[in-house]
Amino acid sequence: MTTASEHSTQVKPVTQHRGRISSPIDIWRRRLLIFIVITYTAVLILAPLVGLISGAFAEGLGGIISAVSDPAVFSAFSLTLYIAFIIIVIHALFGTTLAWVLVRYRFPGRRLLNAFIDLPFAVSPVVVGYMLLLLFGRNGMLAPVLDLFQIKVAFAVPGMILATLFVTLPFMAREVMPVLEAFGIEQEQAAATLGANGWQTFWMVTFPALRWGFIYGVILTFARALGEFGAVLVVGGGIQGRTETATLFIFRALDGRQYVGAYSAALLLGLLSLILVVGTEFLRRREK
Amino acid sequence: MNTKFKTLFVIIAVSLLTACGSSNTPSGNAGAVTLTLAGYSTPAEAYAKIIPLFTAYWKAQKNQDVTFETSYAGSGAQSRAVIGGLDADVVALSLEGDVTNIAKADLIKRDWQAIAPNKGIVSTSIVAFAVRKGNPKNIHDWADLAQPGLEVLTPDPKTSGGAQWNILALYGAALRGKVTGVPANDETAATNFLVSVLKNVTALDKDARSSITNFETGNGDVAITYENEVLLGQQRGQDYEVIIPSSTIKIQTPVAVVDVVSDKHGTTEVADAFVKFLFTKDAQQIFAEYGYRSEDPDVAAATAGQFPAVTDLFTIDDVFGGWKEAKTKYFSDTGIYVQAISEAQK
Amino acid sequence: MTTTTPSLAIKDTPHRAPWGRWGIKSAAFTYLIVLLLIPLSVIFQDGLKDGLVNLWGSISLPIAWAALRLTLWTSALMAVINAVMGTLTAYVLVRYSFPGKSFLNAIVDLPLAIPTLVTGVMLVVLYGPQSIIGGWFKDQLGWQIIFAPPGIILALLFVNFPFVVRAVQPVLESLDRESEEAAATLGAGSARIFWQVTLPALWSSIASGALLSFARAIGEFGAIVIVAGNIPFRSQTAAIYVFGEVESSNRQGASAMSIVMLSLAFVLVLFVDWLRKRGRKERTA
């Protein structure tokens, strides 16, 4: 047993206690803990996933293909992707700006605002939908304004966009802020002294360093937007072909006894998100 | 770098405008018309078959293309949605009271029951039970639903019209003395009976359709539901059986044009024509195919074989004095149902 | 990692921000106000417009109160289980190596990718009374999983699984091993090292992860609407209660419960934020 172990101060996942010989108890404890974790994860997480996959394949690959060729599936997924795209554009722009303001500026109430951004994580989707109904419903607070401009928000796509914007708000800022904080301001200052204006500094110095935080933010926002259900259910109205997203289609398909259709769409949705999330993680590891 | 900002701004602006635009303008070319139908949870299949017939008919008559947009959910939920902003041109709901609420919200200005045939009642059914194949729990009538240990499925009256029909059928049968062990015209006894059945309810689904599909996944021993739902399920390959209690309520489902909305869309003429079309022999025949008891005498006579007679059939007017009274007495925040469900959990 | 100089405020340095300072700030604030503050304030305004007494009246209705209680205890129980299992999972992922480790690591994020509605469906298929597992529990032990609190807790555990793991994992990874090594040389066993050296360093990240999952669980809808039975007093959570109230046009009931849930959420989020900051301070001290 030696104390001269060269443990580094680098960030590295350590896989075993260095410089100590593992006793049999240690080995068995290790095995037991790993076993417990694997069992827990298998039962809790994997089993439902396996159930989903087998449900989707209940009528074989042909069943899945015919289920997703339903025009309702196509329009539902189109709407979901359309909404997600708009969400990303808005959050990419404003979320990054918000992160910038919160990190680079000081003003009264900054800490409170910072905590406030996490609120959408904890608000129930039903409440989100309800809030928007109170604002934009037929007898809502903004009803006179909407009537004036002949705009429909509730029970239409704009309402669903607003609902999804609310629930995805934290992701962009939360991913970009730590990177901005760690990045430090020196390089930006250096660029400024070299004569770069604000924009040039941002795009050529800051943004490249933010890259992974930004990409992660976009991906997480996208994945969350794909799976939004409660809020769009309450504020959207589920009109087939017009305000029915992928999740709402799944909800309706379950009631309509279209089980293969529901599970296939669910699998598709899940796969889309999973590939993005895991893929991004993979790419980021590669880059390191 | 300013160009990047400008392009982003343009993208956002264009996207938002298209989003607003696409939800306001009806699809299709000039002259084409879109009709939005908000229905309760069970007639989706019937309407899926009727709508193409109507669009063909209308095209032949007026040379105009009609596209339908449909939404189906619990009757109460749909009523709330329409009042809250869902711009439906036509509503097909489970009970007259839900249409009345829309009228009360000043969205229906005309006397919809006078305009449409048969006071707007487009199809009828009865409250019945779905039981497992072979009826292992021996359910034959209302009293059997109170047996201890039985698992009953019925939807949530807050959102589902079918659920309200179920409760009223049970209560009505009890009041009429048709429930074994419950004296007639005794409200306390009837309420106690309701409590004993509610004790057996394991899940309150949001609408009738979810309730029966829940039953189909294997939950529950019996589902109280529309007779037409059980028949439709059987057509779709389910092997449950339908049990008709000795005394049950006649479910009368209305359809109405939401004229304030349709006037705004300029679709009142088409909407009226669609509602009228639902009362034609062709449409009524389709309803009958999907398990509805037709009010049209010819279709009813032709399909009589499908539908067993009910020993004691009553209507909401007979026992409860209409939907307005029933909703207040039974389904308000302090109504009999709320008291009963609370009592049942003790 | 070398220590970073704390970010200096803009006004301390000669720095020209894009769009002008005022432009950026107003963009950011408008974004927040429009998307966050206005919707939230609308609910508070609606629920409070008849006064606090009426609000209390709506909340203290037996059905509403029961829904709130059910939500709180199932979410709390879930948070505790999640704290334990999440920490354990993070520990195993960071400290051990075994076949399938990277697969396990990827699986942790799975609940974030699956729509909550789908989670609910899968749980009913797996554990409903007609399934093998659910049927066994019901026949042999008289326990009902689906349409009863166990099903609710199960759904909440699935959906919130990543939060404690991902909160603890980075902290564990960057933990300074010196103290642990020192304890080892002094003869402490692995267990003791864990309880008295490692765990204390982790507690704020465990707490923040668990609290965040608690806060999310209170509002959970998609998974619960399928899995719980919606029976008042028995299996109806606060979020489902709000849904029912909204769908039956009961504004008072919906707004009152929403305000309670929002206030809870806000308090919890503030607490989580404080814990995170505290944890960071402890680690860089």
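1. Start with the aromatic cluster in chain B: Tyr47(B), Phe54(B), Tyr57(B), Trp58(B), Phe68(B), Phe274(B), Phe277(B), Phe287(B) and Tyr292(B) belong to it. Rings of Phe, Tyr and Trp (its six-membered ring) pair if their centres lie within 6.5 Å; planes under 30 degrees apart are stacked, over 60 edge-to-face, and the rest tilted. Over all chains, the search turns up 34 aromatic pairs.

2. A word on the model before going on. It is predicted, so local features need pLDDT of at least 70 and side-chain atom pairs count only at pLDDT 80 or more, while totals for chains, interfaces and linings use all residues. Residues are numbered from 1 along each chain as its sequence is written, chains are lettered from A in the order in which they are written, and side-chain values use heavy atoms, without hydrogens and water.

3. Phe94(A) and Tyr31(C) are stacked because their ring centres are 5.3 Å apart and their planes are at 15°. Phe94(A) sits in helix α3 (residues 71–104) of chain A and Tyr31(C) in helix α1 (residues 20–48) of chain C, so this pair joins two chains. Helices here are DSSP runs (H or I, at least four residues), numbered from the N terminus. Phe94(A) is partly exposed at 25% relative accessibility, whereas Tyr31(C) is buried at 5%. The cut-offs: buried is under 20% relative accessible area, exposed over 50%, partly exposed in between (1.4 Å probe, protein chains only).

4. Compare a pair inside chain B. Phe320(B) is in helix α14 (residues 316–320) and Tyr330(B) in helix α15, ten residues apart. Both Phe320(B) and Tyr330(B) are buried.

5. Rings can also sit under charges (NZ of Lys or CZ of Arg within 6 Å of the ring centre and within 35 degrees of the ring normal). Arg132(B) has its charged end over the ring of Phe215(B), 3.8 Å from the centre. Lys25(C) does likewise over Tyr105(A), at 5.4 Å.

6. Which residues touch the most other members of the largest nonpolar core? They are Ile250(A), Tyr47(B), Trp142(B), Ile249(B), Phe274(B) and Met257(C), out of 296 residues. Such a core is a set of buried Ala, Val, Leu, Ile, Met, Phe, Trp, Tyr and Cys residues joined through side-chain atoms within 4.5 Å. Helix α3(A) gives this core its largest share, 18 residues.

7. Chains A and C: 105 residues of chain A are in contact (heavy atoms within 4.5 Å) with 106 residues of chain C. Their buried area is about 9600 Å², with 74% from carbon and sulfur atoms; that is accessible area (1.4 Å probe) that two parts lose on being put together, summed over both. On the chain A side, Tyr40(A), Tyr105(A) and Tyr130(A) lose the most area to chain C, together 7% of what that side buries. The A–C interface has two salt bridges, each a side-chain nitrogen of Lys or Arg within 4 Å of a carboxyl oxygen of Asp or Glu. Arg111(A) forms a salt bridge with Asp273(C), the closest N and O atoms being 3.3 Å apart.

8. Chains A and B bury about 3100 Å², 57% of it on carbon and sulfur atoms. Here Arg138(A), Arg242(A) and Arg257(A) lose the most area on the chain A side, together 25% of what it buries. Five salt bridges cross this interface, and Arg257(A) pairs with Glu216(B) in a salt bridge at 2.8 Å between the closest N and O atoms.
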